[in-house]
Amino acid sequence: MSKTVTRARIAASLCAFISAAAVGLVGPQAASAQEKPELRIAAIVSVTGAASALGAPERNAVALFDKIWSARTDLPFRVKVISYDDGSDPTKAVSLTRKAIEEDKAHVVVCCTTTPSSMAILDTVKAAKITMISMASNAAIVEPAADRPFTFKTPTSDKLMLQRTLNYMKRHGINKIGFFGLEDAYGEGGLKELQTVAKETGIDFASAERFARQDTNFTPQALRLKQAGLDAIYIHAIPPSADLAHEALKRVGYTGPIYHGAGSSINAFVDIGKANVEGAIIGVGALNVYDQIAKDNPLGPVLAKFAELYDGTYGKGKVDLFAGQSWDAMLLAVNAYQNMSEGAAMRDDLAGTRVAIKDAMEKTREWPGVNGVFNITSSDHLGLDKRSTFLSQIKGGRFVLIEE
Amino acid sequence: MLDTLSFLLIDGITNGAVYGLLALSLIVIYTVTRVVNIAQGEYVTLGALSFASALSGSFNLLSGLVAAGLAAFALRDVADKHLGASARIRVLLIRSAWIAGVLATAFAASRFPGSYWLAVLASLAATASLGTLTYRLTVEPVSGASPVVLLIVSVGVYMVLHGAAVLIWGAEPRSVPPVVEGGVSLGPVFIAYQSLWICGIAVLAMGGLYAFSERTLMGQALQATAVNRVGAQLCGIPVRLAGQLSFAIGAGFSALSGLLLAPLITANYDMGLPIGLKGFVAAALGGIVEYPTALIGVMLVGLTESFSAFQVSAFRDVIVFLMVIPILLWRNAVRPPEAHEH
């Protein structure tokens, strides 16, 4: 009799213990999963393909963001990052964007590394009414804002960069320039801006030569530019073709100054070009020269923090502008989500949340990112000003800030 | 004006030499096996990348993969029931020596980082062996199929090799030092030594191929297979072996052009396809069968590219690839399709 009672007691206490443990283990998790809404960001980056030199650091920054933000428990929401590689292929970018919208039910799409891919997904994101943050430089991605209500971007525009570069040229007595750039949407966009800014600045735009990312030979075009009698040549490309174009100009005996657009503001430019690109003047973002900018610059603390995080994970001196593009894009999305009006009420309404994030994006004020200070409005979807551009020169294999 | 002309000429000839090696590879492979090899450009990439990694002193992963593949086929060959004991030992010895050769060159190159010619050897051994592997894996099982089937197979091979290059080496471009730094200045015209090396080695390689196919028994067997496959088989020429050999030569030649070109444009996984296609345009002039006409073709392609890049840089590729149409019309006129053996 007593034996049976003891057994029953043991069984009962065991049951109680197991159920308590089950509640203890599973309960809070299940409860928090229900309570905390989830912010899903799809990052589509060109890790492979022609733009891989830019995509690789972007992917690194996305992974870094994922590591830090997915683990955070102090937030009223959870962050989920979905990562894809579009292979620098616009067609693939479109299908991955669709997948992110339909299957992953993403709230924000961070896409794409290249201008052609970014242009390709414009209609898809507009139709789905989902916020897209591009990491490509061409201004046409976000302009006009009335036609592209859901599209934002982080890199400073070619226009701001060219205004700084050409003003610098003008002050140094350069009156006649030529263009040497890629023949895709990135290069053509740069060419168009260069022509406009040159006219505004009063610099004579004399000739344009083009090449492709996979070209094996840059000499003929370089030769033609040399013979045009220019004061300076502006290269609008990305490594390695930017390096090869630079080397070709030197090989044919061109001795004047060579300027580069922001596509070259990446460590790979120096790694590939080595001594050959010494002396090149490059329009850069704050991140390239973060340890050299003035102490009172509002970007200083943000830059130092990101550089420390990135270098801490991927090795010293590895941080570059393109890592900053995806980093800013991810953080802008989080910032907008936090500032979204009546955020909690939107939990189950995917379409509503997507639109609310876009509205919150347009209310970003004086937000310091690694690219510059963002002031996004409904008519300006870039939101950067000239505080985001710097000029630097390659000296001893480093980007050295040019004090103006 | 004269400077410009000589600059463009040298440029065109250098590129022509690169495309020439490609065109010869395409022709060797097509005549012997009837494969229009779309994947040809990938051997350029693999050659350049394995050269770059051998130079930097890391063990070339491709060599390891190729050796494993060779070992697998060696096992199959040795297990062949029709072989006698002595033949088995001979096959085993030859295959072991081959595998050892591929691994030894790769190992030697990784032990002595920076030794140029060891790296060249390791890269060529790995890529040429990969050629035979590709043949045995993808062409031999369907060797009787129509040229269209073989073409589609080669598209598949292209995709696999392209992806493999990204997996093994990653997407970042690697800079490669030239054979000899610097160059000579002829008046205002600067010629990089590397350009001279490219032209010199291309001529040597072509001469070597000519001597091989004219003067050696193996070369003549290859020629016989190219002229008439069934006839060659009836005469006791091992057609499969000829196919393997042609793929080895084709892959080796393309790899050679890749590692010669790499110092000028960096080695990256994406470099092969456009070079392969331009080699194809040149080979088309000779109907992918005639060597001398193809050599005229490569110079034509190289010079057209160079001069059109100077005149209208935005359209240079358009002009080069548009050349295929008049070339095909011309081929059709001088040699109507009935005369081809299909």
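**View 1. The contact between chain B and chain A in the predicted model.** Chain B places 27 residues in contact with 27 residues of chain A. On the side of chain B that touches chain A, two or more residues each come from helix 1 (2–33), helix 10, helix 11 (272–285) and helix 12 (291–311) of chain B. Helix 1 of chain B has the largest share, five residues. Sorted by class, this side of chain B comprises 15 nonpolar, seven polar and five charged residues.

**View 2. Packing of helix 2 against helix 10 in chain B.** The axes of helix 2 (residues 40–55) and helix 10 (residues 239–265) of chain B are 7 Å apart and meet at an angle of about 55 degrees. Helix 2 of chain B is therefore oblique to helix 10 of chain B. The crossing of the two helices of chain B is right-handed. Contact residues in helix 2 of chain B include Tyr43(B), Val44(B), Leu46(B), Gly47(B) and Phe51(B). Those in helix 10 of chain B include Gly250(B), Ser254(B), Leu259(B), Leu261(B) and Ala262(B). The residues of this contact divide into 12 nonpolar and seven polar, with no charged residues.

**View 3. Domain 1 and domain 2 of chain A.** Domain 1 of chain A covers 38–156 + 298–384, and domain 2 of chain A covers 158–284. Their C-alpha centres lie 29 Å apart.

**View 4. The seven-stranded open sheet of chain A.** The strands of chain A are arranged in the order 7-6-8-9-10-13-14, and the pairing is mixed. Strand 7 (204–211) and strand 14 (398–401) of chain A are at the edges with a single partner strand each, so one side of each has no neighbour in the sheet. From one strand to the next, the twist averages 30 degrees. Strand 9 (residues 258–260) and strand 10 (residues 281–284) of chain A run parallel and are joined by two bridges. Tyr259(A) has Ile281(A), in strand 10 of chain A, as its bridge partner.

**View 5. Helix 8 of chain A on the sheet strands.** Helix 8 (residues 219–227) of chain A lies across strand 6 (176–182), strand 7 and strand 8 (232–236) of chain A. Helix 8 of chain A runs at about 170 degrees to strand 7 of chain A.

Notes. Residues are numbered from 1 along each chain as its sequence is written. Chains are lettered from A and ligands numbered from 1 in the order in which they are written. This is a predicted model: local features need pLDDT of at least 70, side-chain atom pairs count only at pLDDT 80 or more; totals for chains, interfaces and linings use all residues. Domain bounds come from an automatic or database domain assignment. Axes are lines fitted to C-alpha atoms, for helices over the stretch in contact, and angles run from 0 to 180 degrees between N-to-C directions. Helices (H or I, at least four residues) and strands (E, at least two) are DSSP runs, numbered from the N terminus. Angles under 35 degrees count as roughly parallel, over 145 as roughly antiparallel, 65 to 115 as roughly perpendicular and the rest as oblique. A crossing is left-handed if the near helix is turned anticlockwise from the far one by less than a right angle, and right-handed if clockwise. Two residues are in contact if their C-beta atoms, placed from the backbone, lie within 7 Å. Ala, Val, Leu, Ile, Met, Phe, Trp, Tyr, Cys and Pro count as nonpolar, Asp, Glu, Lys and Arg as charged, and the others, Gly among them, as polar. Two strands pair if DSSP finds at least two bridges between them.
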